[in-house]
Amino acid sequence: MSQSPTHAQRSDVFLLDAERTTWHDETLWFVRQKRDKAVYATPEFQELRQLASDIKDHTLSQLAEYLEQFEAAALANGVRVHWAADADEHNAIVLGIVRAAGASRVVKSKSMLTEECHLNPHLLANGVEVIDSDLGERIIQLRGEAPSHVVLPAIHLKKEDVGETFWQHLGTEKGLTDPQQLTEAARQHLREKFLAAEVAISGVNFAVAETGSVVVCTNEGNADLAIGLARVHIACMGMEKLLPRLSDLAVFTRLLTRSATGQPITTYTSHFTRPAPGKEMHVVIVNNGRSQQLGRPDFRASLKCIRCGACMNTCPVYRRSGGHSYDFTIPGPIGAILSPNIDMRQHVSLPFASTLCGSCTDVCPVKIDIHTQLYKWRQVLGAEGMLPASKKYSMKLLSRVLARPGLFKAGGVAARLGLRLVPHALSHAPGYNPWAIARELPAPPKQSFREWYAHQSSVSAK
Amino acid sequence: MKVALFVPCYVDQFYPQVAIASLQLLEKLGVRAVFPAQQTCCGQPMANSGCEQDAKPVYHHFVETFQDYDYVVGPAGSCVYHVRKHFDIIDQTPAVQHVRTATVELFDFITSILGVTELPGRFPHQVGLHLSCHGQRGLHQANESEMTPVRDGQLRRLLAGLEGLTLTELDRNDECCGFGGTFCVSEAGISARMGQDRVADHLRHGTQVLTGGDMSCLMHLEGLVRRRQLPLQVRHAAEIFNQAFA
């Protein structure tokens, strides 16, 4: 059985470029600070969080009913509703709609769901040109990479990288790094694609059961332009995106961008309820493992996620390891609790890619207990026998020692003595001791506390 | 009031001076704490590694050791948090429930239980406080920057009360140092990088003595400081107060 690289192994690659790591960390910390300013300036923010959490808990507890209500309302609005059990079904449905429309050119606005389903390769393999219209998404599409963040998909790239990419693919001048000129080049390039597209695919930030409408939030207006121009709109949504009523929506639009970027609201918050005259609107509702997660009591709250990315921006591990180190569509702390649901073995290292500092839980606008779930996944993975043998057996041994005071005392004496006697080069050999790659071991004292204490008591007893 | 001193396994073996300082500090405050010699560890290393089942015998041993005390006081927020939060997987007998609520972090005990809000003494140095995540976000001993810009907390207030002491203002008040238990070994690269960044924040703002309420974070940071021979002393807050409170 081949083992996929662990998060630590992938991180080590990212860490090799220390300057880029610093830049990545500082850039995302800047976003976290913007989030803080917006949150501090909203006195009722903690109440909003609680309200959002309660609405999501309630919706998930009656998800089937709300999905049916949504479908009925959407159908009544003239929207065609499709159900996909998994990624393959989703891709087949989308391709079917594109083909039925006789189309070969598609523009897509940002959607983590279509990334999750690997829609682009499927469409391309079937002769459909698909262009990502979000600027960050387009950059990484040209580079053949996956997004490294849910809100800032190209945050791992510097403007020099973008200049290089545009020079290679869009014919801009070599060495161009001016953001305004690069953006203008992308604008001109994308405009042609917008005008030529016959089908527009969008993600869905929120779907409202009461009205049967979907809500798409973008800062670039790319979804609106694409949907406005194309004859067919396909909105792809995970089945957890539902909210019961239109009046619930305001709670989430207030939380989403404050948490994501520190903005009070996205530049465009667009509601799509029915197709324009002569046009088609489709909604594809995707399960792809979500009902399985819903059935795991310890992890169901992860489905409350609204994909703001706040947990990534605050995570000290994510900031220094980059999104690609997670090797999953949704990276960072939330990705680390969603991914084992899909494949425990492949993603076994992700719940361990955390210090459990809890900052992710404290920034989460819908109060997902992220770090508690990370801790719980570790136990599930341990119970499933998926931990490396070295860890499994060392922990069993440690348990025996720590449950027996005599053994613990003797072990401590031996460890301290060993550390004093063994040459530094050996006790700190990086090949054997990962602690010592960057750190000195504690200097071993002659006496443990318990030895000191026993001596004190015997002296005072005399 | 029967008080037991809970000395985390690695403190017992590698930082006895922290346990001695805790004991002496409590004595100066009129609390005579005893050290039950059969104690070992809270079981966190196994549990954080995904081997909670292996930790159960250690949990039971912990409860047996400490069940007869009114308070179990430890100079380590992380271990205390573990007892309070994660001993939920064993049978919740009255003894288990008692030990979970009676186990208290040293400075929580001093401020919340003893009601001491100021400690006497002089410590004329610039001190940088490392807020440990489990004490701060787990035990709520300080404000979280995720919630409020107000920088306050038990330890910060106590330190600020010492004569001659200047507190360092950091760029990142409460970012994790990267220790994280077995994380420091299984993700050694990221762990080291996080710690180096924390230390750099302190050095940049003039910290001479780096302190905190949790020796595990400090052990990691001290290891990084000594490797690079940086001009920084690392000491547990109990040591500072015990020295200042002459």
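# Close-up views of chains A and B

**Nine salt bridges are found across the interface of chain A and chain B.** A salt bridge here is a side-chain nitrogen of Lys or Arg within 4 Å of a carboxyl oxygen of Asp or Glu. One is formed by the side chains of B:Asp197 and A:Arg320, at 2.6 Å from N to O. This is a predicted model, in which local features need pLDDT of at least 70 and side-chain atom pairs count only at pLDDT 80 or more, while totals for chains, interfaces and linings use all residues. Residues are numbered from 1 along each chain as its sequence is written, chains are lettered from A and ligands numbered from 1 in the order in which they are written, and side-chain values use heavy atoms, with hydrogens and water left out.

Together the two chains bury about 6000 Å², with 60% of it on carbon and sulfur atoms. On the chain A side, A:Tyr375, A:Arg439 and A:Phe449 lose the most area to chain B, together 12% of what that side buries. Buried area is the accessible area (1.4 Å probe) that two parts lose on being put together, summed over both. Polar contacts link 34 residue pairs across this interface, both partners being at pLDDT 80 or more.

**B:Arg193 sits in helix H11 (residues 188-204) of chain B.** Helices (H or I, at least four residues) and strands (E, at least two) are DSSP runs, numbered from the N terminus. B:Arg193 counts as buried because its relative accessibility is 12%; buried means under 20% relative accessible area, exposed over 50%, and partly exposed in between (1.4 Å probe, protein chains only). A polar atom of the B:Arg193 side chain lies 3.3 Å from the backbone oxygen of A:Ala18. Apart from neighbours within four places in sequence, B:Arg193 is in contact with A:Leu15, A:Ala18, A:Thr21, A:Thr22 and A:Arg320. Do look again at A:Arg320, which also meets B:Asp197 in a salt bridge.

**Helix H8 (residues 135-143) of chain A has seven of its nine residues buried, so it is largely enclosed by the rest of the structure.** The buried ones are A:Gly136, A:Glu137, A:Arg138, A:Ile139, A:Ile140, A:Gln141 and A:Leu142. Their cover includes helix H6 (112-116), helix H7 (119-125), strand E3 (129-132), helix H9 (159-169) and helix H10 (179-196) of chain A. At the N-terminal end, A:Asp134 caps H8(A), with a side-chain oxygen 3.1 Å from the backbone nitrogen of A:Gly136. Such a polar contact is a pair of N or O atoms within 3.5 Å; within protein, one must be able to donate a hydrogen and the other to accept it, and residues adjacent in sequence count only if both atoms are side-chain atoms. After H8(A) comes A:Gly144, whose phi is positive, near 70 degrees.

**A:Gln346 is found in the loop between helix H16 (332-342) and helix H17 (359-363) of chain A.** With 36% relative accessibility, A:Gln346 counts as partly exposed. Leaving aside neighbours within four places in sequence, A:Gln346 is in contact with A:Ser4 and A:Asp327. A:Met395 is 49 residues away from A:Gln346 in sequence and 22 Å away in space, C-alpha to C-alpha.

**Chain B is divided into domain 1 (3-113) and domain 2 (126-244), with bounds from an automatic or database domain assignment.** Their C-alpha centres lie 21 Å apart. Contact between them involves 27 residues of domain 1 of chain B and 20 residues of domain 2 of chain B. The area buried between these domains is about 2000 Å², of which carbon and sulfur atoms give 63%. B:Tyr15, B:Tyr81 and B:Phe107 supply 29% of the area that domain 1 of chain B buries against domain 2 of chain B, more than any other three residues. Zero salt bridges are counted between the two domains, while 13 residue pairs are in polar contact, both at pLDDT 80 or more.

Methods
Contact means heavy atoms within 4.5 Å.
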